[in-house]
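Subject: Structure handover and notes

Hello,

Please find the structure below, for your own use. My notes on the fold follow it.

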Amino acid sequence: MMIIYESKLEGTKHQYEQLDQAIRTARFVRNSIIRAWMDGQVKSRNDAYTYCKVLSDHPLFPWANQLNSQARQAHAERAWAAIERFYRNCKAKVPGKKGFPKFKKYQVRDSVEYKVSGWKLSEDRHYLTFTDGFTAGTFKLWGSRNLHYCQLKQIKRVRVVRRHDGYYAQFLIDHTREESKELTGKQIGLDVGLNHFYTDSFGEKIEHPRFLRKDERKIKRLQRRLSKTQKGSNNRAKARNKLGRAHLKVSRRRNDWVCKLAQRVIQSNDLVAIENLKVRNMLKNHCLAKSISDAAWYRFREWLEYFGIIYGVPVIAVNPSYTSQNCSNCGHKVVKTLSTRTHRCLNCGYIADRDENAAINILKSGLRELSTTVGRTECQVSREISLCSDVETQPSKATQRKRKAKK
Ligand SMILES: [Zn+2]
């Protein structure tokens, strides 16, 4: 499992300018490869690598050679990935836009990626030094505590990210963490909603944290202020920076909260079932309150999956259709509108809170999904033998094939 740790880079203005140069060069490499692909010079991933060399040897682009060679390759890989995605969409005849690779323009939020060279981490993990041609030098790392627990060889990539409030180093770490957990004998289904953050299959509800509403109001205010400024003015740049910082603060606070919540859920259950919501549709939403709660839910799910792996708790995502309509007691369909808060089954008389009923359905479909996917091949083989043992003595073709494969 790959995980990312992040620390803020503390350096001088001159050092930050050098990082800007590296980020700009990374963008240059990416855009040049897209251009060369359009001109027919680059036709494969290998061509893209070769073209990196062309760029770094070119007398007109002295900066290309200043960027670490593996970093150049990393950005060539990214460019090629964009081209490949386009080809794939065309081949699959995806309706609408196929994602024709675009040139990347300047924006504050941008990054440069190093692989295993071009940087050096100090022995005590408090300083990061860049060693390529941009000579950005040594930065102090803020919040590098997590790095103490990993070995250097576990760090596969270092990405420098520029944001509205500064420069960050992200360490991509190949992680194998395992924690032991006692069995709790409990399984849980979670139903998300706008009214509550989630309702679980035991009927417990977790409210949206109060700060989400407060943050939402703050962002709205800053957005209004930004829209009142003149285009291209100094005030506009300032207002945009403020809004950018506010968004970052909100997302960090939200992340802390959902991380703790997810760990608690995983530690106190042996199995977790959730709805498989389409993230792409979720993040497209224009209603601010909805988009903030969706983003929180998205992060929550990522943490659930992360802790699930660490503690050995399966997290199963199920198809969300009908979970709120069907009766969790007898399976009968009980049509409800959005405003119906209570589930009343006419078939079996079961009455429950609407969301609790949904959460139980989610848990049940999760278990069903698990029973049909886990150990399926083993099951089929043994079922065949046990059912037919008194009639058939010859193993079936399927088992014969399996035995051959084992030899
Ligand atoms: Zn029922």
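Two residues are counted as in contact if their C-beta atoms, placed from the backbone, lie within 7 Å. Among the contacts in the chain with a separation of 6 or more, 66% join residues 24 or more positions apart.

This is a predicted model, in which local features need pLDDT of at least 70 and side-chain atom pairs count only at pLDDT 80 or more, while totals for chains, interfaces and linings use all residues. Numbering starts from 1 along each chain as its sequence is written.

Confidence

The pLDDT is the predictor's confidence in each residue, from 0 to 100. The chain averages 84, and 87% of the residues score at least 70.

Overall make-up

Helices (H or I, at least four residues) and strands (E, at least two) are DSSP runs, numbered from the N terminus. The chain has eleven helices and 14 strands. A residue is called buried if 20 or more other C-beta atoms lie within 10 Å of its own, exposed if 12 or fewer, and partly exposed in between, again with C-beta atoms placed from the backbone. Of the 407 residues in the chain, 26% are buried.

Two strands pair if DSSP finds at least two bridges between them. Seven strands form an open sheet with antiparallel pairing, in the order β2-β6-β7-β1-β5-β4-β3. Its edge strands are β2 (110–114) and β3 (119–121), each of which pairs on one side only. From one strand to the next, the twist averages 30°.

Some of the pairings in detail:

- β2 is antiparallel to β6 (residues 155–163), with five bridges; Val112 has Val160 in β6 as its bridge partner.
- β1 (residues 2–10) runs antiparallel to β7, and seven bridges join them; Ser7 stands opposite Ala169 in β7.
- β1 also pairs with β5 in the antiparallel sense, over three bridges; here Leu9 has Leu141 in β5 as its bridge partner.

Helix α1 (residues 13–38) lies across β2, β5 (137–142), β6 and β7 (166–174). It runs at about 85° to β2. For this and the angles below, axes are lines fitted to C-alpha atoms, for helices over the stretch in contact, and angles run from 0 to 180 degrees between N-to-C directions.

The α1/α2 packing

Helices α1 and α2 pack at an angle of about 115°, with their axes 10 Å apart. The residues that meet are Val29, Ser32, Ile33 and Ala36 in α1 and Ala48, Tyr51, Cys52 and Leu55 in α2.

Not counting residues up to four places away in sequence, Tyr51 touches Ile33, Ala36, Gln41, Val42 and Ala76. Tyr51 and Ser32 are 19 residues apart in sequence, and their C-alpha atoms are 8.8 Å apart.

Nonpolar cores

A nonpolar core is a set of buried Ala, Val, Leu, Ile, Met, Phe, Trp, Tyr and Cys residues joined through C-beta atoms within 7 Å. The largest one has 38 residues, and those with the most contacts inside it are Ala22, Ile33 and Ala76. At least two of its residues come from each of α1, α2, α4 (69–91), β2, β4 (127–130), β5, β6 and β7. α1 gives the largest share, eight residues. Leaving aside neighbours within four places in sequence, Ala76 is in contact with Val29, Ile33, Ala48, Tyr49, Tyr51 and Cys52. A second, separate core has 27 residues, including Ala262, Ile274, Ala358 and Ile360.

The five-stranded sheet

Another open sheet has five strands in the order β10-β9-β8-β11-β12, with mixed pairing. At its edges stand β10 (205–206) and β12 (315–318), each with a single partner strand, so one side of each has no neighbour in the sheet. β8 (residues 187–192) and β11 (residues 271–275) pair in the parallel sense over three bridges, and Gly189 stands opposite Ala273 in β11.

Regards
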